[in-house]
Amino acid sequence: MGETAVPAAPEASPAAGEGISAAHVRRTFGNVVAVDDMGLTAPAGQVTALVGPNGSGKTTLLLVLATLLVPDAGEIRVAGHDPVREPREVRSRIGWMPDAFGTYDTLTPREVLQFVAAAYRLPRDRHAARARELLALVHLEDLADRPVHVLSRGQKQRLGLARALVHDPGVLLLDEPAAGLDPRSRIELRGILRDLAADGRALLVSSHVLAELEEIADRAVFVDGGRTVDEHDLTELRPTQRRPWRLRSLDQESLLSRLDGLGVTVTGQPGPAGVDVMLAGDEEAADLVAALVRDGVRVVECAPAAGTLEAAYLEMTEGRR
Ligand SMILES: Nc1ncnc2c1ncn2[C@@H]1O[C@H](COP(=O)(O)OP(=O)(O)OP(=O)(O)O)[C@@H](O)[C@H]1O
């Protein structure tokens, strides 16, 4: 995908400046409570990560925000409108990228984008140019005139992102946007998403690739069992949060025996890459290394084993194992 700025569609009127707010959202499917009590804020100009285990209700919530599912309860505003009472207003202001992009397989990417431009009522003479701009942005020019069914999963994801941007929406709802992308496309996706936020759009992004989200997100909303369990700015997560640290020494046996002696709990399986322990910040890590070295353990590495987002996620789900 391209490093260029995201091209705007000047005739559209993005609702930049208005993001998403939701409170007490509930949605059931028969006996299954998919979303029990979720709330979140995704402000304009920021990327908000929606993080939670499989089956925690992320996709269901995104579908509600995207007007594609009616909630049983909840107060929701998306780009200044209520998705239940004003679905058309919301739809004209959001870009929706589902986790699997479905389209008419015999159309070409260019035709898909022109079709979507027509559906959003962009002026007829803009359809071709808009498709061209977005095909360039997501690097699909070479495949622009091949049928969609020849595209790989990652290429379809990129087309899905282009499709979500056709009408220059002020709010973007992206379900697992990095799934299937190769490393270069992931880096480029990060750049595009940051650019979209820098232009004042609100982005809500669900993903399991936490290292990925950490690079792009300003805020994180943690959900579990259909409920929001935590919501904060990522900068607030950093200083003293308990997280796994990796220790490596020239003699792993003596490291393990000293950790045991010091009462430090090892998490996971020790392996050639080292031994993971849960520590609360730099101070505790420095004290532990000092104690190990004092006891003759030849430590060669001590560093956080996971990013802050991953650490917060592991802490949240610790009780489930
Ligand atoms: N149409 C449906 N009918 C019945 N149950 C459903 C339906 N859609 C979702 N569910 C259930 O609701 C719960 C939440 O599903 P959802 O897809 O929202 O989770 P998720 O957090 O997006 O999961 P994943 O990370 O695996 O994509 C799950 O238990 C799921 O089985």
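Reader: Is the crossing of α3 and α4 left-handed or right-handed?
Author: A note first: this is a predicted model, where local features need pLDDT of at least 70, side-chain atom pairs count only at pLDDT 80 or more, and totals for chains, interfaces and linings use all residues. Residues are numbered from 1 along each chain as its sequence is written. Helices (H or I, at least four residues) and strands (E, at least two) are DSSP runs, numbered from the N terminus. A crossing is left-handed if the near helix is turned anticlockwise from the far one by less than a right angle and right-handed if clockwise; for α3 and α4 it is right-handed.

Reader: How are α3 and α4 oriented to each other?
Author: The axes of α3 (residues 109–119) and α4 (residues 127–137) come within 9 Å and cross at roughly 125°; axes are lines fitted to C-alpha atoms, for helices over the stretch in contact, with angles from 0 to 180 degrees between N-to-C directions. Angles under 35 degrees count as roughly parallel, over 145 as roughly antiparallel, 65 to 115 as roughly perpendicular and the rest as oblique. The two helices are therefore oblique.

Reader: How do the residues of the contact of α3 with α4 divide?
Author: Two residues are in contact if their C-beta atoms, placed from the backbone, lie within 7 Å. Leu113 and Ala117 are among the α3 residues that meet α4, where the partners include Ala131 and Leu134. Ala, Val, Leu, Ile, Met, Phe, Trp, Tyr, Cys and Pro count as nonpolar, Asp, Glu, Lys and Arg as charged, and the others, Gly among them, as polar. On that basis, the contact of α3 with α4 has eight nonpolar, two polar and two charged.

Reader: And how does α3 lie relative to α5?
Author: Their axes are 9 Å apart, at an angle of about 25°. That makes the pair roughly parallel.

Reader: Which element supplies the largest share of the shell around the ligand?
Author: A residue is near a molecule if its C-beta atom, placed from the backbone, lies within 6 Å of it. Lys58, Thr59 and Thr60 are among the residues that surround the ligand. Both β2 (32–42) and α1 (58–65) supply at least two residues of the shell, and the largest share, three residues, comes from α1.

Reader: What distance separates the centres of domain 1 and domain 2?
Author: The chain is divided into domain 1 (20–234) and domain 2 (242–320), with bounds from an automatic or database domain assignment. Here 13 residues of domain 1 are in contact with eight of domain 2. Taken over C-alpha atoms, the centres are separated by 37 Å.
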